[in-house]
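Subject: Structure handover

Hello,

Please find the structure below. My notes on it follow, for use when you open it.

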Amino acid sequence: MATMDVMRGPGMERLSRGAKEAANHPWAKKLGRMGYAAKGCVYAIIGVLALKLAAGEGGRATDSHGAVSTVAHGPFGIVLLSLLAVGLVGYVIWRFAQAFADTEDKGSDAKGIATRAMYFVSGVIYGSLALFAVKTVVGASQGKGKGTQGWTATLMEQPFGRVLVVLVGLGIVGFALKQFHTAWKAKFREKLTLTGLAAAHQHRVERVCQFGIAARGVVFAVIGGFLVLAGVDANPGEAKGLGEALTVVARQPAGDVLLGVVAAGLVAYAAYLFLQARYREL
């Protein structure tokens, strides 16, 4: 209750008004669109590399940091990575605008605060990725940090650490279920303005988006499930990040097929993000 009072207090209201004014600036919305496109590039790289792995044509199972490193080592790497870094910073700024300016009109009730808190956490996560990209551009990167298992071990060292790890894992599984629900109900259409497309094209676009969002849900369900297992067994080594989750999929019976489907879904999710960059109401 005290937290809710703080969130509704005059200080928070002033912060919200100031953030909303900044979010309404045309450049803020341009940064938001750049951000969705940058995030789409990251998922496209992850998906394509996983597709190549599934097809036996090289490739690898990697995460967002691996995608950034892939750009850095490709043709015109520093130039493209610089553009990607700017886009990621734009995404972080827009996520914070969603959290503090309530650009999505989520409100200040318990559900709204929880959703805006998720936007904030997403901003922090992609802020870390943007910092990694910037450090790579200037040649100051020292690797991607602790990784999922390292952060899990750190969390377990805290009071009630195992419980915290399990709760985080359950939260990620809950997010995965939310992704499935969003895909099934096509709730993403509420924010996409596709009136410029023919009805048949709109239907195809919707199916691609549903496939992409559901595939992302599968990956997060694997990540969350292993995090719960790590907490229950008190073994940080059982925690998995995105790249490791893809590896787990590949090791299942008919793993190449399963990995190919999930990887294609991640490419479809990238397409969904590109559509967000172009057609989303901001």
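Predicted model: local features only at pLDDT ≥ 70, side-chain atom pairs only at ≥ 80, totals over all residues.

Residues are numbered from 1 along each chain as its sequence is written, and side-chain values use heavy atoms, with hydrogens and water left out.

Overall
The protein has 11 helices and zero strands; helices (H or I, at least four residues) and strands (E, at least two) are DSSP runs, numbered from the N terminus. Of its 282 residues, 43% count as buried. Buried means under 20% relative accessible area, exposed means over 50%, and partly exposed is in between, with a 1.4 Å probe and protein chains only. Contact means heavy atoms within 4.5 Å. Among contacts between residues at least 6 apart in sequence, 71% join residues at least 24 apart.

Salt bridges
Side chains of opposite charge can pair when their charged atoms come close. A salt bridge here is a side-chain nitrogen of Lys or Arg within 4 Å of a carboxyl oxygen of Asp or Glu, and the count comes to five. One of them joins glutamate 104 to lysine 191, with the closest N and O atoms 3.8 Å apart. Glutamate 104 is in the loop between H5 and H6, and lysine 191 is in the loop between H8 and helix H9 (199–233), 87 residues apart. Lysine 191 is partly exposed, at 26% relative accessible area, whereas glutamate 104 counts as buried because its relative accessibility is 8%.

Glutamate 104 also meets arginine 280 in a salt bridge (3.3 Å, N to O). Arginine 280 lies in the segment after helix H11 (255–279), so this pair ties together parts that are 176 residues apart in sequence. Both glutamate 104 and arginine 280 are buried.

Another salt bridge links glutamate 206 and arginine 207, with 3.3 Å between the closest N and O atoms. Glutamate 206 counts as buried at 18%, while arginine 207 is partly exposed at 42%. Shared partners join Glu104, Lys191 and Arg280 into one network of salt bridges.

Arginine 95
Arginine 95 is in helix H5 (residues 77–100). The residue is buried yet has no salt bridge, and the nearest side chain of opposite charge, glutamate 104, is 6.7 Å away; Lys and Arg count as positive and Asp and Glu as negative, with His and the chain ends not counted. Leaving aside neighbours within four places in sequence, arginine 95 is in contact with Lys39, Tyr119, Ser122 and Gly123.

Tyrosine 126, in helix H6 (residues 110–137), is buried, with a relative accessible area of 10%. Not counting residues up to four places away in sequence, tyrosine 126 touches Lys39, Tyr43, Leu88, Tyr91 and Val92. Threonine 182 is in helix H8 (residues 161–185) and is buried at 14%.

Pocket
The second largest pocket is lined by residues including Met34, Cys41, Val71 and Leu84. H3 gives the most to this lining, with five residues. A pocket is an open set of points on a 1 Å grid over the protein atoms alone, where a 1.4 Å probe fits, with protein on both sides within 12 Å along at least five of seven lines; lining residues have an atom within 4 Å of a point.

Regards
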